[in-house]
Amino acid sequence: MRFQRLLQMRRLATSASASATLMRAPKQTTHHSTMGTSLSVRTMAGSGAAIPELTQITDNVQRGNYATLNDADVAHFEKLLGTNHVLTEDLEGYNICFLKRIRGNSKLVLKPGNTEEVAAIMRYCNERKLAVVPQGGNTGLVGGSVPICDEIVLSLQRLNKVLSVDEVTGIAIVESGCILENFDQRARDVGLTVPLDLGAKASCHIGGNVSTNAGGVRVVRYGNLHGSVLGVEAVLANGQVLDLMSNFKKDNTGYHMKHLFIGSEGTLGVITKLSMLCPHSSKAVNVAFIGLNSFDDVLKTFVSAKRNLGEILSSCELIDERALNTALQQFKFLNAPISGFPFYMLIETSGSNGDHDEEKINQFIGDGMERGEIQDGTVTGDPGKVQEIWKIREMVPLGLIEKSFCFKYDISLPLRDFYSIVDVMRERCGSLATIVCGYGHLGDSNLHLNVSCDEFNDEIYKRVEPFVYEYTSKLKGSISAEHGIGFLKKDYLHYSKNSVAIDWMRDMKKLLDPNGILNPYKVLN
Ligand code: FAD
Ligand code: 2HG
Ligand code: ZN
């Protein structure tokens, strides 16, 4: 019976596919929307996309008491870095955030090539009281990586080397400006993998990932970066270099200060280097894309995945039908293997024994179908097809900004209440919203609630915020599961942290950056 049901599932052909190129689509496809969807804003600058108004004006931001850049400063930096690495023109791509929502007015971008240069820049800026925003791949979704007023942009782009990858210990040492995908490729060359994967991998930097404590699609397997990052080197606001590098998992020598820099979004220091524990890449990867009739079935299937796939479960993602359909409409190159269900799950297994893993995932799906929890689906272990299915998930956030304005929320919620906010929000927004949908990292209780409308307008904004944060807070969730606080959420931090915690954050900020020059206007207000 079970076997017959399994046969009814459409299994993907095992022929090689063209998905290798699709995997890189965010970087290579040309998007011409007003919101911009290329993974690098820099490549968007000339595409004719609308330029947002300056955030200092729209948000009525009072500029901090910082010095104003002058010719002598620029000359100083040119002497320090060489004129090629000091930019004073064509700075749009550095001033505008990925979502094209935040726009600063920096007149200077600095591109140091090593830690000493970063330290010299910070020393000088601290003495002069010039404000600085560290910038990685500028794929952040909370407006943390761009200036708000006229802060100097400190781009880590040139610190892009993988310094070593040790296949025996699994420890890699990498400069912070290395693009995640390049780092992963280097790890894969020796049979390892970076324990972090996200849709922006072709553009984001590992230093940006660590600074945001990025989550992504493998947290359910490898945990977050507080566990995988063994050590960091960080330049403080005054130019001191803090060497917290470590090549060991176990190191209890004093306070674990590295954690201060993981997720502090460039407000406490500039990460220049880090060491990371990289697991072995799995020999066998299988992906199932399944359709389900209700969120209750989604939860049952998740529990079953944990119980029955256990140690080989490496990802468990949810996509609702509106999110999927939007991506399919916007990106015709995507192929959805099944359609017509309110919910879809992408479940991945990674292990060392292909036959064993395939048997396990087939059994898991067969059992789920027999119980009526899983309706239809597809399973594949073919690398090309695996990538093709992942591509669908990766394009979902981009589909929603392709032709409209999108309010994006990234919240942790208890699993039993995980999806209800999507229905509540749809009701609240009514016809003001074009799409209200939910998707995300179900395996980590992390929902991405997206609310799209034709263009930003105050009416819908007021329906959505602060309601979404109040709702989350009442359920004791987190208002930022993985993207951070940045500029966009700083007024709402109190929904997730009490005043004592916020005061301590402020005190730590003052201690490490007494002049407040590092990424001002972000995280704390
Ligand atoms: P940036 O955007 O440049 O900067 C982010 C923050 O880190 C800023 O506050 C900046 O000041 C600071 N910063 C950057 N580099 C340094 C440094 N070296 N030292 C100190 N501070 C620094 N995020 C997730 O968590 N999970 C996902 O699944 C995910 N998927 C995404 C998919 C898409 C399509 C997009 C566009 C974004 C996604 N993101 C996701 C958000 C974003 O990619 C992550 O936040 C990422 O970690 C940002 O890296 P970045 O190099 O682009 O950093
Ligand atoms: C993802 O998981 C990202 O795809 C982006 O974190 C989520 O854009 C979003 O809302
Ligand atoms: Zn995410």
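Guide: What follows is a short talk about a predicted model, its ligand and a surface patch.

Visitor: Why is Trp504 called exposed?
Guide: Trp504 has a relative accessible area of 56%. Trp504 is found in helix 21, residues 499–512.

Visitor: What makes the nonpolar surface patch there?
Guide: Val500, Trp504 and Met508 make a nonpolar patch of about 320 Å².

Visitor: Now the ligand, please. How do you know that Gly140 makes a polar contact with ligand 1?
Guide: A polar backbone atom of Gly140 is 2.7 Å from an oxygen atom of ligand 1. The cut-off is 3.5 Å, so this pair counts as a polar contact.

Visitor: What about Ser145 and Ile271?
Guide: An N or O atom in the Ser145 side chain is 3.4 Å from an oxygen atom of ligand 1, which is within 3.5 Å and therefore counts too. For Ile271, a polar backbone atom is 2.9 Å from a nitrogen atom of the ligand, so that pair also passes.

Visitor: How much of ligand 1 does the protein bury?
Guide: Taken alone, ligand 1 exposes 970 Å², and the protein buries 97% of that.

Visitor: Which element gives the most to the shell around ligand 1?
Guide: Helix 10 does, with five residues. By class, the shell has twelve nonpolar, 23 polar and two charged residues.

How values were computed:
Residues numbered from 1 in each chain as written. Chains lettered and ligands numbered in written order. Predicted model: local features only at pLDDT ≥ 70, side-chain atom pairs only at ≥ 80, totals over all residues. Heavy atoms only, no water. Patch = residues over 30% accessible without salt bridge, like charges linked within 9 Å, V, L, I, M, F, W, Y side chains within 5 Å. Areas by Shrake-Rupley, 256 points an atom, 1.4 Å probe, with all protein chains shown as cover. Salt bridge = Lys/Arg side-chain N within 4 Å of Asp/Glu carboxyl O. Helix = DSSP H or I, 4+ residues; strand = E, 2+ residues; numbered from the N terminus. Buried < 20%, exposed > 50% of the residue type's maximum accessible area, 1.4 Å probe, protein only. Polar contact = N/O pair within 3.5 Å; in protein donor to acceptor, adjacent residues only side chain to side chain. Nonpolar A, V, L, I, M, F, W, Y, C, P; charged D, E, K, R; others polar.
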